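Colleague: Could you take me through how to read a few features here, giving the general idea before the particular case?

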Amino acid sequence: MSDTKTVRFGLLGCIRFASKFVRTVTESSNAVIIAISDPSLETAKTFATGNNLSPETVTIYGSYEELLNDANVDAVYLTMPVTQRAKWAVTAAEKKKHLLVEKPPAQDATELEKIVEACESNGVQFMDGTIWLHHQRTVKIRDTMFDSGLLGDVRHMYSTMTTPVPEQVLERLTKEAMGLAGAIGELGWYPIGAALWAMSYQMPISVRALPSSVSTNSVGTILSCTASLQFGSTATTTAIVHCSFLSQLSTDLAISGSKGSIQMNDYVIPYKEDKAWFEYTSGAKFVDMHIGWNVTPERVTVDCSGTPETQEAMMLREFTRLVEGIKRGDLEADRRWPEVSKKTQLVVDAVKKSVDIGCEVVHL
């Protein structure tokens with residue numbers, strides 16, 4: 001019987017970004033990487049060398065099938081292109097491997113539903129890699145602003161995820177590589193997810209891509225898009241979300257409530273790994289003659305120094321806690337995480353549909 005205190009990971013895909021996950025696992029006390037795989041054995045070997053993964057302790061495979069047939073692997077981290085994730089996620093679940101999947105985990109809600117069904121049928125945990133949801137700052141905001149009532153009812157949200165891609169690369173961003181939704185899936189997953197998080201995962205009643213905001217390359221891949229989301233039976237709450245490969249890096253999140261407001265410019269990845277902050281106001285108004293405000297923003301800082309509690313470490317801790325419990329027989333898979341993913345995917349799909357039908361309103 002395997003050690004229930006150690007989750008043994010295999011990597012499906014050896015892209016450069018996976019190095020961060022290797023670092024996180026290496027620094028943890030209850031997880032270990034025992035296998036990596038890539039369709040190119042040479043790529044896998046190069047990745048192993050670059051990340052100090054010794055062939056004496058880590059098995060290197062030249063195919064995903066070989067790794068999934070490794071009975072010693074408890075869980076897999078999937079980083080291959082989104083167009084391949086559904087196939088391999090379902091196969092991994094059928095092999096009784098727990099799934100930590102990079103976002104977006106699928107091309108659309110139909111694919112994601114198949115993944116989740118496979119996980120539920122085989123009793124394994126599913127979680128996507130939206131790391132900011134696990135940060136201590138995110139928990140602090142929930143406690144300080146939402147649960148305390150300091151924010152009041154959410155009225156409006158503005159959120160972005162933009163990152164520049166060199167012009168010569170933009171034409172190489174194909175739907176085969178990027179998935180059907182393009183930037184809406186790759187980048188829009190964050191601002192759409194942030195709006196849903198702020199609404200405690202209440203679904204919007206409608207979404208619409210803004211016509212002048214949609215940019216594509218010559219092969220039709222969406223490179224930039226802005227969308228509006230309407231919440232509540234009378235659309236009393238709105239959100240504007242923006243994603244783009246054409247703009248400078250931005251990860252803004254602003255939430256306006258009936259009593260207060262929250263502002264961050266680094267909600268996806270904090271400016272500093274060892275600390276993060278957010279600013280808020282409560283009861284703000286203009287002073288007499290409108291020459292200033294009656295308050296200035298308060299800054300709340302979360303100090304992560306001296307501990308391994310980065311957002312990546314917090315995500316890994318939660319995932320391994322669940323996997324360990326399932327291995328012991330104490331827990332069943334937590335369905336909260338796949339539900340968060342499914343709701344995010346449904347809104348991503350709705351924004352993409354709006355683009356496809358000429359930026360008309362899509363009702364959910």
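Modeller: Two strands count as paired if DSSP finds at least two bridges between them, strands being DSSP runs of E with at least two residues and helices runs of H or I with at least four, both numbered from the N terminus. This is a predicted model, in which local features need pLDDT of at least 70 and side-chain atom pairs count only at pLDDT 80 or more, while totals for chains, interfaces and linings use all residues. Residues are numbered from 1 along each chain as its sequence is written, and side-chain values use heavy atoms, with hydrogens and water left out.

Colleague: How many bridges join β8 to β10?

Modeller: Strand β8 (residues 206–209) runs antiparallel to β10 (residues 222–231), and four bridges join them, with Arg208 partnered by Ser228 of β10. β8 also pairs with β16 (residues 362–363), again in the antiparallel sense, over two bridges, where Ser206 has His363 as its bridge partner.

Colleague: Which residues of α5 are buried?

Modeller: Buried means under 20% relative accessible area, exposed over 50%, and partly exposed in between, with a 1.4 Å probe and protein chains only. In α5 the buried residues are Glu111, Leu112, Ile115, Val116, Ala118, Cys119 and Asn122. They lie on the same side of α5 because they cover an arc of only 155° around the axis, the arc being that of the directions from the helix axis to the C-beta atoms. On the face turned away from this buried side, α5 carries the exposed residues Thr110, Lys114 and Ser121.

Colleague: What follows α5?

Modeller: Gly123 follows α5, and its phi is positive, near 65°.
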